Amino acid sequence: MDQLNDALPAEREQLDAAFDVVLARLKELADPLERARSAHSLIGRVQDYGNEFQAVRNEAMNESLRVGQLNATQLAAELGISKGRVSQLAKGAPPERLFLGSGRLTVALAEKLEDGKLKDGRSKPVQGPVIATEDVQTYERLRDLAEEVGLEVAFERIPLGGNVRLNRNNLIVICGPRLSPLIEQILESDPHLRFGKDDNGWHLVDRNTGHVYRSPMDHGGNGDVAYFGRLPRPDGQGTFLYVAGIHARGSGGVVHWLTRELANIHRELKAKRFSTLISSEFHPDTLEIVSSERITPFYRPEGA
């Protein structure tokens, strides 16, 4: 258990130094109103990070007890808290919530251009940015799942052009590569799976086997295939969860599958990077997802 005290020593020293610099600069602000505003903003940021650290701690305590690494008395001694406090913290939100995030989640959905209805006798259709109905439904299902494990969720639009801010924590992006050149570039770094396009339309390719996965929807079927992964942020300081079907309906299949498999996938992957493909089918009348399954392994980057 010495690892508890020795973990991430360099990072902790850097964090202490950064806090010292910020605090010193804050105290030097001459304008009291500016000093108050800056301090108030920083308090909120620190509290957000504190909540995330607490979530990681509670999940690790829960796992340590569950696998029999320590009993509650031993864990209390290691952490310097009471046995009752151990029970209180470890019995909090389920540990699998950390697969989604450790704080308030932001789910970003892409806008696209879509023809509107004719208005005021105009001869040309009105165009405007919209979010696909299927993506909104996927968000709603994802929000339900997140709330079940004790997480709050916020909705965010990705504007036309696909410029989404990826360098932040607790982010889930639902956006096909054709709507975001930035996402397309990040997906190209996946050595195992990729989106492709040919004369028959968009598809997904397993680079390891050469197998091409096409959407049943392109041939009148009631199913789709989607990419699901945890991808690297551009700043190299973390990751974000990414979901995209060949068609928008496929993203809902990922959430349908995740709702059933969240605890299992968390035990296997934690917050490690991965990518996989999920196949799903939907009811032809209600369009609700009725079945889903993982059709490739959990591919991992080398050395990850």
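**Surface, helix and sheet features**

Trainee: Is Tyr-49 buried, partly exposed or exposed in this model?
Mentor: The model is predicted, and the values given here are computed from it. Tyr-49 has a relative accessibility of 37%. Because buried means under 20% and exposed means over 50%, the class of Tyr-49 is partly exposed.

Trainee: Which helix gives the most to the nonpolar patch?
Mentor: The patch lies on the surface and consists of Leu-15, Phe-19, Val-46, Tyr-49 and Phe-53, with about 490 Å² of accessible area together. Helix 2 (9-28) and helix 3 (32-66) each supply at least two of its residues, and Tyr-49 is found in helix 3. The most, 3 residues, comes from helix 3.

Trainee: Around the axis of helix 4, what arc do the buried residues cover?
Mentor: Helix 4 spans residues 72-79, and its buried residues are Ala-72, Leu-75 and Ala-76. They lie on the same side of the helix because the arc they cover is only 105 degrees.

Trainee: Which residue caps the N-terminal end of helix 4?
Mentor: The cap involves the backbone nitrogen of Thr-73, with a side-chain oxygen 3.1 Å away. Just after the helix, Gly-80 takes a positive phi of about 70 degrees. The residue that supplies the side-chain oxygen at the N-terminal end is Asn-71.

Trainee: How many residues apart are Glu-63 and Lys-270, which meet in a salt bridge?
Mentor: Their side chains approach to 3.7 Å, N to O. Glu-63 lies in helix 3, and Lys-270 lies in the loop between helix 9 (248-269) and strand 11 (274-282). Glu-63 is partly exposed at 24% relative accessibility, as is Lys-270 at 25%. The pair links distant parts of the chain, at a separation of 207 residues.

Trainee: With which residue does Arg-141 form a salt bridge?
Mentor: Arg-141 lies in helix 7, and its partner lies in the loop between strand 11 and strand 12 (289-294), 147 residues apart. The closest N and O atoms are 2.9 Å apart, and the partner is Glu-288.

Note on methods:
Residues are numbered from 1 along each chain as its sequence is written. This is a predicted model: local features need pLDDT of at least 70, side-chain atom pairs count only at pLDDT 80 or more; totals for chains, interfaces and linings use all residues. Side-chain values use heavy atoms; hydrogens and water are left out. Patches are made of residues with over 30% relative accessible area and no salt bridge: like charges are joined within 9 Å, nonpolar side chains (Val, Leu, Ile, Met, Phe, Trp, Tyr) within 5 Å. Accessible areas come from the Shrake-Rupley method with a 1.4 Å probe; for residues, only the protein chains shown count as cover. A salt bridge is a side-chain nitrogen of Lys or Arg within 4 Å of a carboxyl oxygen of Asp or Glu. Helices (H or I, at least four residues) and strands (E, at least two) are DSSP runs, numbered from the N terminus. Buried means under 20% relative accessible area, exposed over 50%, partly exposed in between (1.4 Å probe, protein chains only). The arc is that of the directions from the helix axis to the C-beta atoms. A polar contact is a pair of N or O atoms within 3.5 Å; within protein, one must be able to donate a hydrogen and the other to accept it, and residues adjacent in sequence count only if both atoms are side-chain atoms.
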